[in-house]
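Please walk me through this model in the viewer, one selection at a time.

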Amino acid sequence: GYCMISVLETMKTFSAQDGLTEEAIVTKLRTCRYHHLFLHTSLRHNPSGTSRWGEFGEGGLLWGECREKSFEWFVGIPVEAILCKVREVYGLDPEAMFRNVTFSAENRPQSLYLGTATQIGVIPTEGIPSLLKVLLPTNCVGLPVLYIRGLLLNPPTQAIASDIQESCRLMNNLTCSVPDFTCVSAAKLVKLLESKEANHLEFCRIKNVADEILHMHRNIELRAVLQVLLEPTWVETGLKVEYDLLVNECEWISRRISEIIFLDDEKGQEISSFDYVPGGFFEDVESSWKCRVKKTHAEEAFDEVDNAAENLSVAVMQDFVPIVSRVKSVMSAFGGPKGEICYVLVDEICRGTETAKGTCIAGSIVETLDQIGCLGIVSTHLHGIFDLPLTTKRTVYKAMGTENVDGRISPTWKLIDGVCRESLAFETARKEGLPEKVILRASEMYLTTYESTSTMRSNTEHLNSEAHLHRSIIELQKEVDSAVTIICQSKLTDLYKKKSLSEIPKVMTVTIGAREQPPPSTVGASCMYVLFRRDKKLYVGQTDDLMGRVYAHRTKEGMQNIPFIYMVVSGKSIAGQLETLLINQLPLH
């Protein structure tokens, strides 16, 4: 028969199943979740069964299943060769050890045939009701469902099956309360713990599992269930643990976690509160981490936050309170001198005079307001103002966005960056009930008189702006690349010195241009990235799914095919620190 070797990289375990039929292999491939598929070259020379692969692979149920998937051939002693492949794919140490959790197949029933598993609805199949949805309550989802499906597809030995049946019988006869039975993914948990990225919630879940085991141990009825479940647990995890050792370890874990983190019913860390800073501000920035780790384990960090909150309050009181008070006094209903802070709103500036001179007057007014530092908004339909040689320093151009709906221009009612040269005059006239004949004639005169000149100017401006934008983004990329390298290298050097590590990683940024994707090596890796928007603004972020995150960014309006740079870092925690650092320091470079 066939041999199937399964490797779980996060748990550093592998198992091998021998004597499988072709149908059993296909069933397992359809039901198990895997990232990489490797086929041994011996399959090409298999003379028996229906699977005659030939030089290029052909015929047979197994080949039909595999050819639809991405796979890679390998040679050598199967277990040793596949473990080498796994170490290579995941960048592990060549000497990294994997634990063999193979459970003896002796006296174990054969796996379900593919046809049987499909017909009874164990394998999701269109048109066939799911057996598990019928058997299990609607609130039973996730890991329990996967475990039950595994038992149906790959029945255990009679001894293990008897233990599972006995545990069900005991549970059915209980007269006491039962714990919630917290379900956590072992692989996910191990990965978070190894990378030291498990947060408060994950540690609470770990403590819940330990406490539930202790609850069962301390209750004579539940203790019988716990003892019976040890053997099935060994088969599922490959870990054979003695009962007393399990209880002792759970007691230690529960106690240790309680010493470090705050639990739901504990108090002792209040959100900062000061008179001159809105309470919602401190709630937003502190509620996500306060009442998580006890202060005794991070006193220096807590003190820094408390000092920063106090300094912020003092700064607000000294710098803003006098200004606000003065503005309120000069805006008193009793009159008095005008305030020093001036806000202006000018709608349809200079629209009541001849267009050319009105445009120039409007431009002069904008220049004057800009020079005196006035804050405000000026709206106009005099598009000629954008062609004037205005001398301004702080003026920013904004426009209302438009979109083409069924061949007609419609407003989006969203404010966007840029100059507006689009007029909705004809659309507005049509909505106001002006006869269509009048609008069509106006459109003809507009196209004849203005459109040719406007189009020529627009095309020239577009080409020039696109070329300038391309050059400026390339220059910006070089500057940002250099700044990111310097900032991140300095931070990583400090971090590794504090940890007394000798080998400091060198920062290596990778540039991905428009219509390009990051390489597969980024899958599952913690990455720090910088996106270059078309308005020359930067977006800094970090993720463990770089391909997915970049795809999400590029699907947004105006963000298609944007370039970016990224770097791979060792862990989500460091990626988060670098993200915060770059957001704060990049504007200074």
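A residue counts as exposed when its relative accessible area is over 50%, and as buried when that area is under 20%. The model toured here is predicted.

**Stop 1: the loop between H8 and H9.** Select Lys 196, which lies in the loop joining H8 and H9. Its relative accessibility is 75%, so Lys 196 counts as exposed. Lys 196 also has a positive phi of about 55 degrees, although it is not a glycine. Most residues other than glycine have a negative phi.

**Stop 2: H8 against H9.** The crossing is left-handed. To see the contact, show Lys 188, Leu 189, Leu 192 and Leu 193 on H8, with Glu 202, Phe 203 and Ile 206 on H9. By type, these residues are 5 nonpolar and 2 charged, with no polar ones.

**Stop 3: H7 against H10.** Move to H7 (residues 158-172) and H10 (residues 220-237), whose axes come within 9 Å and cross at roughly 150 degrees. An angle over 145 degrees counts as roughly antiparallel, and H7 and H10 are therefore roughly antiparallel to each other. This crossing, too, is left-handed. On the H7 side, the contact residues include Ile 160, Ile 164 and Leu 170; on the H10 side, they include Val 225, Val 228 and Leu 229. The contact of H7 with H10 divides into 10 nonpolar, 1 polar and 3 charged residues.

**Stop 4: a strand residue.** Select Trp 413, in strand S9 (residues 408-417). Its phi is near 65 degrees, a positive value in a residue other than glycine. Is Trp 413 buried or exposed? With a relative accessible area of 67%, Trp 413 is exposed.

**Stop 5: the largest nonpolar core.** This core has 24 residues, and those with the most contacts inside it are Val 484, Met 567, Leu 578 and Leu 582. Helix H17 (436-498), strand S11 (526-532), strand S13 (564-569) and helix H19 (572-585) each give two or more residues to this core. H17 supplies the largest share, 10 residues. Centre the view on Leu 582: leaving aside residues up to four places away in sequence, Leu 582 touches Val 484, Ile 487, Cys 488, Met 528, Val 540 and Pro 587.

**Last stop: a second core.** A separate core of 17 residues can be found by selecting Met 4, Leu 43, Val 122 and Ile 123, which are among its members.

Methods. Residues numbered from 1 in each chain as written. Predicted model: local features only at pLDDT ≥ 70, side-chain atom pairs only at ≥ 80, totals over all residues. Heavy atoms only, no water. Axes fitted to C-alpha atoms, helices over the stretch in contact; angles between N-to-C directions. Helix = DSSP H or I, 4+ residues; strand = E, 2+ residues; numbered from the N terminus. Parallel < 35°, antiparallel > 145°, perpendicular 65-115°, else oblique. Left-handed = near helix turned anticlockwise from the far one by under 90°. Contact = heavy atoms within 4.5 Å. Nonpolar A, V, L, I, M, F, W, Y, C, P; charged D, E, K, R; others polar. Core = buried A, V, L, I, M, F, W, Y, C linked by side-chain atoms within 4.5 Å. Buried < 20%, exposed > 50% of the residue type's maximum accessible area, 1.4 Å probe, protein only.
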